[in-house]
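Here is a structure that I have not seen before. Please take me through it in questions and answers.

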Amino acid sequence: MYKILKNEEVAPKIKLFEVYAPEVAEKAKPGQFIIVIVDEKGERVPLTIADYDAKKGTISFVFNEVGKSTKQLGLLKEGDSVWNITGPLGNPSEIKLFGLVLCVAGGVMIAPMRLQVKALRDAGNSVVTVIGARIKDLLFYEDEMKALSDEFYVATDDGSKGFKGLDFLKDVLAKEKFDRCVVMGPVVMMKNVSEITKPFGIPTVVTLTPIMVDGMGMCGVCRVTVGGKMMFGCVDGPEFDGHKVDFDGLIKRQRMFLPEERLSSLLWELHGGCHCGGK
Amino acid sequence: MAESKPKPKIKKEAVPIPKQKPEERRRNFNEVALGYTEEQALEEANRCLQCPKPQCISGCPVEIEIPAFIKLLREGKYEEAIAKIKEKNSLPAICGRVCPQEEQCQMKCVVGKVGEPVSIGRLERFLADWERKRGFKIPEIAKPTGKRVAVIGAGPAGLTVAADLAKLGHKVVIFEALHLPGGVLVYGIPEFRLPKSIVQAEVDYIQRLGVELKLGFLVGRTYTIPELLKERGFEAVFIGTGAGLPAFMNVPGEDLGGIYSANEFLIRVNLMKSYAFPCYDTPIRIGKHVVVIGGGNVAMDSARSALRLGAEEVCIVYRRSREELPARKEEIENAEEEGIICKFLAAPLRFIGDEKGWVKQMECICMELGPPDDSGRRRPVPVKGSEFVMDVDTVIVAIGRTPNPIIQRTTEGLQVTKWGTIVADENGKTSLEGVYAGGDIVTGEATVISAMGAGKKAARAIHEYLMKK
């Protein structure tokens, strides 16, 4: 059991959890993820690590309350526990001195991007950060990200704050020579950013969050085509070359269980889950 | 219990094991084989010739003294009989169910030369079940040695090593990456062949020997092997991480929805209990027309699970012929009795999806058998112009697994073969001091009992190493 020390709503239906998990905290590095299982009947939910503190023995992660598992998780209070946390999983991000780095984050992935920006700055890089969301109310960490970055932009899908969409990135890229681009967020956004950076020849790293079950190289559900080759998100990733990922294939695979996810979520909303006892 | 007298003439036929009827069992997950009654066990035990020079023992990977335990059984001394088995095998309830006895002990049985061999596996199972019902007795445990051993993986190899070393007085901690112990026994082998309660009882027994179990702990990511040895106070490590990454065929369309690796399919169903979705959170979708690619035990398990999950039709597609099927004969028979169709000498060329990215058809080509390949089996060769298309909505790819790469990538100096398996000698010793390995991670995909055999040998070697240190 892993005790929840903090449950904070950073934006509507977006929760940040800080959990006591000393062994994970001791080993975590930027870019890695954990598997969270809420209770004995729960699914194995992969979530990117948003922060860690080895001294306190804590890790943080941020999630969107969209499906049954995350809604159930979000209801847990400080002092409650989650059943299981396994991690850190996946390969850590490559952090070194690249020069000028563009970091683009969307939605809940703004949280792990903060860790990324910090690490890149500590390694001596100059960082231009962009955070985005569908609408302005879903943005968070704005001030902190601004303070951490050499240059900072905001974008929303509806233009309610900052730039409307991400097309403005072309102007940003045209102004200066970037050495690397790091993208974390919804697949469609990562696809768009990768398409924008490609003509500029900027090495672009995307963090993929495909469907996973075990998350450590057993089931193969997280397979994704990268440069024409089959790769596994959990053991070969989660970071891949954004210019080589077959995003359309990934989008289809992410939607595989949509009807089941909706049913499960609806049952949770209506009855607090299924009560058949597993029959 | 009175001793039942050996019959003057040995019956040629073995006592059949009672089973659930095919028409019933094809829609439930309850165990198929129901086990011998006491009378049946005694009758079958009496078929044993008690050979002065028994052949059966040499067919057993852990060298159980088979005639000795059968003699005790027919004398009604069940407690002594199971103790005799447990001298060599800590997990008899499991082995009695999933060992391929027909290729091991029973293949060597002398009675088998004139009729059906003695059903050694069923007798082993009878005794193990008798013992479990009565409650396990904890054997004598040696005085604590003060030595600590880390065992990586709570599957058949790891559980065996842990039990043996704990009995010798060592402090053992098992690190299991999944959230439940048992390895392939819980995520791979379905309930109808090996009930999970049996695995749990064996794990409980091992914990009562003093073994500590850490779940959800992935060695290589959380702590590495060098860290366990240098910083965490372990003097030896055993790697029993099993077969890992699923193999795919690398044909077009393999990433369509509805195409599962056997590992994914079985993990969802067995470990995550998807059959009880939405009560359990992990979903699975089974179509009407299910195809399983491959011919091993994992293919049979997948096919039979799919049927139980409600598929209308389940077809196994195998590129060789019936004679080359690697699955146990008993499981093939069980599968066919349940209505599973086998399509031999065919292989997929590509998968065709619908507009939502879900598989709807599979194009295959017919094969014929050419000269033998490296494995000694006749190589399947495509027949030109024999392509055909099948309507499918679920595909399970059961063509094997390759070793999980995490330990190898995070353990400097650990020698690995070109296939990714760990190099170890016959006692499990690897290229690193104090580091041992056994089971599928060394041999590639094999059986539960061979993993346990490797565990036995490694436990002996680790004990020797620790006591010399």
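Reader: Among contacts in chain B between residues at least 6 apart in sequence, what share joins residues at least 24 apart?

Author: This is a predicted model, in which local features need pLDDT of at least 70, side-chain atom pairs count only at pLDDT 80 or more, and totals for chains, interfaces and linings use all residues. Residues are numbered from 1 along each chain as its sequence is written, chains are lettered from A and ligands numbered from 1 in the order in which they are written, and side-chain values use heavy atoms, with hydrogens and water left out. A contact means heavy atoms within 4.5 Å. Among the contacts of chain B between residues at least 6 apart in sequence, the share that joins residues at least 24 apart is 70%.

Reader: What is the radius of gyration of chain B?

Author: The secondary structure of chain B comes to 17 helices and 16 strands (DSSP runs numbered from the N terminus: H or I of at least four residues for helices, E of at least two for strands). The globule rule, 2.2 Å times the number of residues to the power 0.38, with the radius taken over C-alpha atoms, gives 23 Å for 469 residues. Chain B is close to that value, so it is as compact as a globular protein of that length, with a radius of gyration of 23 Å.

Reader: What percentage of the residues in chain A is buried?

Author: Buried means under 20% relative accessible area, with a 1.4 Å probe and protein chains only. Chain A has 279 residues, and the buried percentage is 57%.

Reader: Which strands stand at the edges of the seven-stranded open sheet in chain A?

Author: The sheet has mixed pairing and the order β11-β10-β9-β8-β12-β13-β16; two strands pair if DSSP finds at least two bridges between them. Two of these strands have a single partner strand each, so one side of each is left without a neighbour in the sheet. They are β11 (163-164) and β16 (239-241) of chain A.

Reader: Which residue in β11(A) is the bridge partner of A:Thr156?

Author: Strand β10 of chain A covers residues 151-156 and pairs with β11(A) in the parallel sense over two bridges. In β11(A), the partner of A:Thr156 is A:Lys164.

Reader: How far apart are the mean positions of the positive and negative charges of chain A?

Author: Lys and Arg count as positive and Asp and Glu as negative, with His and the chain ends not counted. Each charge is placed at NZ of Lys, CZ of Arg, CG of Asp or CD of Glu. For the 36 positive and 37 negative charges of chain A, the mean positions are apart by 3 Å.

How values were computed
Buried < 20%, exposed > 50% of the residue type's maximum accessible area, 1.4 Å probe, protein only.
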